[in-house]
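Colleague: I would like to go through this model with you. Tell me what each term rests on.

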There are 2 protein chains.
Amino acid sequence: MEFLDGILKKETTEWEELLGEDFAGKEAVLEGAVHSIRRMGDVAFVILRRREGLFQTVYEHGKVNLPISEIREAMTLRVRGVVLEEERAPHGRELRIREIQILSAPAEPLPLAIDKWKLDTSLEAKLNFRPVALRNIQERSRFKIQEGLVRAFRDFLYEQGFTEIHTPKIGARGAEGGANMFRLSYFHRPAVLAQSPQFYKQMMVGVFDRVFETGPVFRAEKHNTKRHLNEYTSLDFEMGYIDSFHEIMAMETGYLQYAMELLKKDYQKELDILKVTLPDTSRIPVVRFDRAKELVSEKYKRPIRNPYDLEPEEESLIGQYFKEEYDADFVFVTHYPSKKRPFYAMDDPENEKFTLSFDLLFHGLEITTGGQRIHDYGMLKKKLADRGMEEEGMEQYLDTFKHGMPPHGGLGIGLERLTMQLLGEENVREACLFPRDMTRLEP
Amino acid sequence: MEFLDGILKKETTEWEELLGEDFAGKEAVLEGAVHSIRRMGDVAFVILRRREGLFQTVYEHGKVNLPISEIREAMTLRVRGVVLEEERAPHGRELRIREIQILSAPAEPLPLAIDKWKLDTSLEAKLNFRPVALRNIQERSRFKIQEGLVRAFRDFLYEQGFTEIHTPKIGARGAEGGANMFRLSYFHRPAVLAQSPQFYKQMMVGVFDRVFETGPVFRAEKHNTKRHLNEYTSLDFEMGYIDSFHEIMAMETGYLQYAMELLKKDYQKELDILKVTLPDTSRIPVVRFDRAKELVSEKYKRPIRNPYDLEPEEESLIGQYFKEEYDADFVFVTHYPSKKRPFYAMDDPENEKFTLSFDLLFHGLEITTGGQRIHDYGMLKKKLADRGMEEEGMEQYLDTFKHGMPPHGGLGIGLERLTMQLLGEENVREACLFPRDMTRLEP
C-alpha cells in the first residue's frame, strides 16, 4: 500500500536558495515560463517567469541539449545549469543552461507583448485577454498587493477577537432593498443575490460578539462608471458592545495601519515594481457630513445644491481639502442623512435627520460605508413602519433583535476600490482580476 | 478637528487579564449577554456569555444598584465588580457585582433553551431559529473550528508560495456544465452562478504558478440528502509545474497536518467543548479506484454493480476498510473513470478510460475532488470535440492554453463536509451557519 505523509520534496531549486549566499557556482534546476528571449549572437538570454519574479538564464550555443530555435516565448521549461554571479542580471545572478526540458508549448504566439515593463495597451484589450495580460509583471503585482490587503484584514481582526463567518449569497431578500438586486429562480422560488452580508453579520454579533467576512457581493446597479463593479469583494466586519460608532472608525484605522505595515514587510517587491507610495494612516481626520460640505463650498466657491447628498465631485473635493489643509490621505465623513442610509442605520438621537454613520474617503473616493445599527427591536420595527417597508423575508433577522442584541455596528470596505486608490489607478477594473460590469460577463 | 490614530482603549477588562495571574481581588468591568440566571436565595448567579466563553458573576441582594428582578436572560449588560477566586466557577473565578448597566433588553423570551449544555431540539428547529440557536456554546464552537480549518488552509498555502485570488461568481458559463446551474438574467443576458472557480484558478496558474480561493460555490442539484448543500464554501487550490498528481495529494496531506496543528494550538477550547478527537493525518493511504472497489467487494461480500461508479455505500465501506486494515481516517482514491470526470481532467496515458485524478475520503465521505488537468491546447480541444461539447462561452479559457500553460492540477475541498466529518456530525447542515437546500432559502 502507498502512503502520503506530507508535501513532496522536489528536485528543483528553491528561489531563496537560488538567491541565497554561497549559491554562486552551484548547480540548480529551475522551472518557469519563457517570459522573453533575447538573442545576442553566441548566446541568448532566456528570461524565465516564476511566481517569485523573473530569472535570467543564459543559452550558450553548443552547450545545451536543444537548439535555441526550439525555444519559444510562453513555453514552460525545466532547465538545469550552473548559477553564476552577474551584476547586470535582475538579481545579480544568472543560470548558465546545460540542459533544457520543455514542459509545455503554446499553440500560438502571444497576442500582447507581456514582456514589456509596462503593458502598453488599452484597458479593453487587457480585459479581453485577461489571463495573458496578467502575466505581465506589473499587472500581476497589483493582485499580490490586493492579497496583502485581504490578508491584513483577516489577521488584524483575528487578533482583535473577531470570528470569520461564511454567509449565504443566495437569499430570499436583499439587505439594502431597492431595485439593484440580481434575481434568480431558486427551485421555483424567487430569490436574490446578496447585496451585502449585512443581515447575517448582524445576526452573528449575537453569537460571536465580533465577526467578519471577506466575500463577493452583487449589485445590479445600472452604473457604467470608473468606480462601479456589479460584483465585487467586500471586506465586512460587525462588532458588538460599542459605546459609539467612533469605535468602528477606530477599528478601521487600526486595520489600515496594520495593512500598511504588512505591505511594507511582505510585499515590498510589488510596492517597488508599481512605485507605490503608501498613504499616511497615522491619524485620520473626522468631519461631519454637513460641515464637510460647508468647508468645500467655502474653499472652492461651490454652491451647495443638495444638503442631503454628496456628489462624486464633492467627495473628490473633500479629499482635496483634507490633503491640502491636513496632508491627510483619508478622511472619515460622519453623520450621513438618515434618508440616504438604510433602515437599519441608527439615527442620531440629537438630530434624527442624521445617522450615527460614516463613509471613509481615500484620496477623495468612498471606500467604506459603516456605522452604528439599531439594536432595539421596537425601534427597528418602527423604522421599518415609518419607511413603509414590508417585513416579509426578514422575519428571522427581526427575531434576532426580539431576542436581544448588544449595541453594535460595522462596516464594509470595497476591496477593489481600496486597491485602486492605493495603486493610484483611474479605473476600478484595473484592481479586479475578472471585472463584472454592465457589458462584461466574460472572461 | 478630530483625528483617529488607532483602535480605542476601552474601560472594560480584557478576558486574558480577567483570567490572568494576580487578578483575584481586583475590580473589573465586564460586558456580555445574560446566558442564564440561577437564583439561590440571597444570591443569584448571572452567567455572562462573551465571545471568549462564559463567566460567572454573582448578584448579592442589597449590594447592587438594580434589583435582580430587572435582570432577564438575553439582556446585554455591563457589570462592574470585584473578581474573586472560586473553585466551583467555570474558570475558577467569579465577579461579585457592585454595579449593573443594562445595555439592551430582549422584547420576548428566547424560543430555545440555549443555556443547556447540549441544545436539545431538532435540526429543523435549530435551523429555523438559527441566530438564537447558535448562541448555545456547543453550537457556536463548531464554527470556531470551521474558522480554524479555513485559516489553516490560507496560512499553509501562503507559506507554500500560493497567491490568493478572488474570481467572479456570475459568469456566462459554468465550469462543470450540465443541468445543475443556477441561472439568472444579467442585464438581459443569460448568466449562471459559478459551480466552482475551476476555469479561473486554472487561468491564474499561468500568472501566479500557484493560486487558491476560499469562497462560495453554487450547485442547483436536486439532492435532498444529509451530505448535500446547494451553496457551500469551497477551499480551492491549483498548482503549476507538477510532475504528477501525487504532488496535489501530498499538498493536501500537508494542509491537513497543518490544520490539525493549528486546531490544537488555537482552538483547543472548542475541541474540548465538542469532545473532538483529531484524526490521524500522519500518513494517508492511496488506493486506485478499481482496486478499492475490489477490496471492499471481497471483504464485505458485496458484488460490484457498476465498475465505473462509486455508490455512497461503497465510499462508506472504503472508509471502513481502511480504518479496519490500516487504522486510517483518510484515504485517497485515485484514477477515477474518465466518463465520471469533467472534460478538463487529464486522462491516464496508460489507460485512457481512467484519469489522473483522486477523491479524498474522510471517514468514508468524499470531502475533496482533485487531479491533474489537461494543459495542452490541442488535447483540450480534442477532448471537448470527443465529448460533443460546445466551446461557446469558453473562448478565453481555451485561449489561455493556446498561449501556453505549465502542467498543473488542483483540488476543491468542501468546507462544510470537512467540518462535519471532523466533528462527527450526521448532517452537513450542522456544519453550515445558514444552509441552503432545496427547501431552505431563509434565514
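Modeller: Start with contact: two residues are in contact if their C-beta atoms, placed from the backbone, lie within 7 Å. By that test, 97 residues of chain B are in contact with 98 residues of chain A. Helix H6 (residues 246–266) of chain B gives the largest share of that side of chain B, 8 residues. Bear in mind that the model is predicted.

Colleague: What makes up the side of chain B that touches chain A, by residue class?

Modeller: The side of chain B that touches chain A holds 51 nonpolar, 22 polar and 24 charged residues.

Colleague: Now chain A alone. What is its make-up in helices and strands?

Modeller: Chain A has 12 helices and 19 strands. Its C-alpha atoms fill a box of roughly 85 × 65 × 40 Å along the principal axes. The chain is divided into domain 1 (15–104) and domain 2 (137–431). The C-alpha centres of these two domains of chain A lie 47 Å apart.

Colleague: What share of chain A counts as buried?

Modeller: 51% of the 443 residues of chain A. The test is 20 or more other C-beta atoms within 10 Å of a residue's own.

Colleague: What makes you say that strand E11 of chain A is mostly covered?

Modeller: Apply the burial test to residues 210–218. 9 of the 9 residues of E11 in chain A are buried.

Colleague: How do you know which strands pair with E11(A)?

Modeller: Pairing takes at least two bridges between strands. Strand E7 (residues 163–164) of chain A has 2 with E11(A), in the parallel sense. A:Thr163 stands opposite A:Val211 there. Strand E12 (residues 231–240) of chain A is joined to E11(A) by 9 bridges, and these two run antiparallel. In that pair, A:Val217 stands opposite A:Tyr232.

Colleague: What pairing crosses between the chains?

Modeller: Strand E1 (residues 2–4) of chain A pairs with strand E13 (residues 284–288) of chain B, antiparallel, over 3 bridges. A:Leu4 has B:Ile284 as its bridge partner in E13(B).

Colleague: Why is E1 of chain A called an edge strand?

Modeller: Because E1 of chain A pairs on one side only, as does strand E7 (163–164) of chain B. They belong to an open sheet of 9 strands with mixed pairing, in the order E1(A)-E13(B)-E14(B)-E17(B)-E18(B)-E19(B)-E12(B)-E11(B)-E7(B). At the E7(B) end, the pairing with strand E11 (residues 210–218) of chain B is parallel, over 2 bridges.

Colleague: Which residues touch the most other members of the largest nonpolar core?

Modeller: A:Ile318, A:Val331, A:Val333, B:Ile318, B:Val331 and B:Val333 do, out of 202 residues in that core. Take B:Val333. Leaving out residues up to four places away in sequence, B:Val333 touches B:Val287, B:Phe289, B:Ala292, B:Ile318, B:Phe358, B:Asp359 and B:Leu361.

Colleague: How much of the contact in chain A joins residues 24 or more positions apart?

Modeller: 63% of the contacts in chain A with a separation of 6 or more.

Note on methods:
Residues are numbered from 1 along each chain as its sequence is written. Chains are lettered from A and ligands numbered from 1 in the order in which they are written. This is a predicted model: local features need pLDDT of at least 70, side-chain atom pairs count only at pLDDT 80 or more; totals for chains, interfaces and linings use all residues. A nonpolar core is a set of buried Ala, Val, Leu, Ile, Met, Phe, Trp, Tyr and Cys residues joined through C-beta atoms within 7 Å. A residue is buried if 20 or more other C-beta atoms lie within 10 Å of its own, exposed if 12 or fewer, and partly exposed in between; C-beta atoms are placed from the backbone. Domain bounds come from an automatic or database domain assignment. Helices (H or I, at least four residues) and strands (E, at least two) are DSSP runs, numbered from the N terminus. Ala, Val, Leu, Ile, Met, Phe, Trp, Tyr, Cys and Pro count as nonpolar, Asp, Glu, Lys and Arg as charged, and the others, Gly among them, as polar.
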